[in-house]
Every structure is written in C-alpha cells, then in structure tokens.
Amino acid sequence: MTKLWVQRLEAPLWSVKYSPRTWNDFVGQDNAIAQLRNLAESGSCPNMILYGPNGTGKTSAAQIFSKALLGDTLAANYKMLNLRDVSDYSIAKAKRDIKDLAKLDRSKRSELDEYMSIVFKEVKAELKAKGQTRDPNKSQLLQGAIRIFASTVTVADAMIKILVLDEADVLTRSMQQALRRTMEIYNEACRFIFTTPTLAGWSPAVISRSLMINFPSPSNDVIVSLVGRIAESERVEVDCAGVNAIARESNGDMRRAINLLQVASAKGKPVTEDGVYACSETILTKGVRNMVSAAIDGSFVIARESLRGLLALEGYSPSDVLLQIERDLLSRPFEPTVLTSLLDRIAEIDYRFIQAQNPFIQITALLASIGRIASVSA
Ligand SMILES: Nc1ncnc2c1ncn2[C@@H]1O[C@H](COP(=O)(O)OP(=O)(O)OP(=O)(O)O)[C@@H](O)[C@H]1O
Ligand SMILES: [Mg+2]
C-alpha cells in the first residue's frame, strides 16, 4: 500500500504532462480556441474573461494565448496570478524581506513568495505616505498585487503586458470596483485576462470592458477521445466501458478525467468500469453522501458535525462541498418538484457565498433545509 502511494506521488501528473502546449492540443472548445487564435494572429488583445466549469482548459488557453501574442517578450511582459493563492497568502509570510527570501534554497521559495514580499513592501510604503502606520490587510495586498504589475513600465518592444488573473471568482464586488479603476488607468499598457467558473457575481462594469469567451462543459465524446489519446500514449489498456465510466465520473472536468485514468491504471492492470468507480470514490464524495443522508433522516447534529469534519479537518473548500452536495442530490431519486426546491436553495447559498462572512453557517442552513424539504415530501 505504502509503496503504491510513493509510486503515485513520484510519478508526474498526467494532467500536467498532457497539458496543451499548442492550439492543436486542445480537444473540444472549438469556438473558444478559434476566437483566441484569431485574436493572437491579428495581434490584438482586448481584456478578456474566460469562463466555464473546472477543467475545461481556461488557464491553459490563457497561457498559450499570451505566448502566441508576446512571443520572445513573454518573460518580461506576462504574469499569471492565481487570485485564490494571493487572497489566501498570509500577512506573516508576505512580511518576509526579499533579501532574506533570496537566502533560502530555491525549493523553499516560490515566485509568488518573492512577488508578495515586493507587494507587501510597496503597499506598506503607500499606506505610510498616506500617514497610516499599520500593516496592509489581505484585501489591500491583493489589490496591490494586481496594481503593481499593471503599473510597471512595459519592457522592450512589446506594446502591451498581459496580466492573467486566474481563479478571479474570489474577487468581491468592492475589489471589482477597485479593479475597474486600475483597468482604466493602465489600459494603454496592460491587458487583463480573467478566468472564472461563472459570470455570476461579476460587476457589469468589468464585464462591459471585457470580451467574454465561454469554455462550456465538454460532451462525453470529447472526454472519451482525450482519455483514449492519453491511454494510447501511456500504453494503458482500457476497455470501452472503462473509458465511458471515466467520462461519466469526471462530470465534464478534463483534469479529473485524466487523473482518474492515471489512478485507475496505477496498479498496472487493465482499467475497467469497476476499477474506475472504486477510484472515483473520494473522502469528499463519501463524506458528503453521509452528511446529506443524515440531513435527510433529520439527524441534523450528525450532518453538522460531518460538515465541520470536511471543512476543518479534511480542508475542503466550502465551494467544493457545496458543488458535491449538488451532485449528490442530483444522484438521488427525488420527485422533480422536491429536487427543484433543493437546487433552488443551493443556488441561493452559492449566491450568498459572495457576500457572507461564514460559509459554515450558510451550508448548515442548507442542511437544515434539506431535512425540512425531504421530510415534507416523504
Ligand atoms: N480542452 C482541453 N483539451 C485538452 N486537455 C484539457 C482541456 N481542458 C483541460 N484539459 C486538461 O486539464 C488540465 C487542466 O486544464 P486547465 O487548468 O486549463 O483548466 P481550467 O479550465 O483552468 O480549470 P479550473 O477552472 O479548475 O482552473 C490541463 O492541464 C489538461 O491536461
Ligand atoms: Mg484554471
């Protein structure tokens, strides 16, 4: 067992190994890729929002587009910031001096560590100039991280710089307002490419300044062809039922489909439908199933404790848990009217996540509603 894990951890992730390197490597997403390719070939780069579900190719496409447009000047004029990482970045870490960071071994400091150290220093100096002596807070750091790259002078012959703001759904409305001003001020020199799962919660002001490009959930056939292609390269034996099970279980997420193929083939045996189902069972799917079952049975305290375990002990994000609750409910044999009420509640909680301080309370309220709605229908 231990050996298997060591083997798995050491093996490169196939989803990274087979990450698209050129436009031709993408499967599906024909419209999105054609639009981006045309823009790159004509040398134009509007601000863009690439939107669509997880694992559909948004981040890979933003990278390839930037390379195609900036060519040799990419290194100096391109930055990708994962806004979830930036917004989770601790103030204590950002406070580290860049000179102290430089003394650390390369494996112990990332590009983000170095950038956040610079951002902290600059934002602190800006606050000091306004007479404020306290340290910047997380939201000021995030805004600074965006503004500082946008405001630095373009290097060499490149006419513009590109800032990819990955996982930009973490931006609150007030941050979007601040971003709108940054976009206007630096519009001549810097273009923004956002990636986000959905346009819900986006300020019309940012939307109207951007070209929207949709990355829809791919069909099963597209996933089957991607999995088949990788299985062939890796010489993995997988039957038709196995590939179809991967396509079904991945729910349109191509990263998940590739990961499932890799895990299901780790034992070196042919990949079968049963093998795929055994691997796709995760702590999250099991935990959510038990939690939802407890909520339906009216065991609210047990459901609430399971939720605490998933968030606090297992470290899943509230949005991951909410998404899995939705999938779990969809897989249960509810009457259509009951299912509609439940999905309605999920949509409401999803919306409240943007405003609310405490997602635990929001999901707890959802569990209470599941119990109530299910008991009325029983
Ligand atoms: N259209 C695609 N064609 C081929 N491979 C894909 C495609 N979309 C995703 N993949 C595979 O999934 C991996 C993840 O893709 P990527 O990070 O670009 O997705 P994403 O849409 O940004 O996902 P997320 O919303 O979770 O950030 C890629 O490295 C690649 O292996
Ligand atoms: Mg992404």
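Hi everyone. Let me start with a definition: helices are DSSP runs of H or I with at least four residues, strands are DSSP runs of E with at least two, and both are numbered from the N terminus. By that rule, Ser280 belongs to helix α16, residues 273–280.

Some housekeeping before I go on. This is a predicted model, where local features need pLDDT of at least 70 and side-chain atom pairs count only at pLDDT 80 or more, while totals for chains, interfaces and linings use all residues. Residues are numbered from 1 along each chain as its sequence is written, chains are lettered from A and ligands numbered from 1 in the order in which they are written, and side-chain values use heavy atoms, with hydrogens and water left out.

Now the overall picture. The protein chain holds 21 helices and five strands. Its C-alpha atoms fill a box of roughly 60 × 50 × 45 Å along the principal axes. The chain splits into domain 1 (29–214), domain 2 (218–280) and domain 3 (283–377), with bounds from an automatic or database domain assignment. Between domain 1 and domain 3, the C-alpha centres are 33 Å apart.

Back to Ser280 for a moment. Is Ser280 buried or exposed? Ser280 is buried, because its relative accessible area is 4%; buried means under 20%, exposed over 50%, and partly exposed in between, with a 1.4 Å probe and protein chains only. Its side chain also makes a polar contact of 2.8 Å with the side chain of Glu249. A polar contact here is a pair of N or O atoms within 3.5 Å; within protein, one must be able to donate a hydrogen and the other to accept it, and residues adjacent in sequence count only if both atoms are side-chain atoms.

On to ligand 1. Which residues come nearest to ligand 1? Of the 19 around it, they are Ser15, Gly55, Lys58, Thr59 and Ser60, where near means a heavy atom within 4 Å. Helices α4 (58–70) and α15 (254–264) each give the shell at least two residues, and domain 1 and domain 2 each give at least three.

Finally, the oxygens of ligand 1. One oxygen atom sits 2.9 Å from a polar backbone atom of Gly55. There is also an oxygen 3.0 Å from a side-chain N or O atom of Arg255, and for the side chain of Ser19 the corresponding distance is 3.4 Å.
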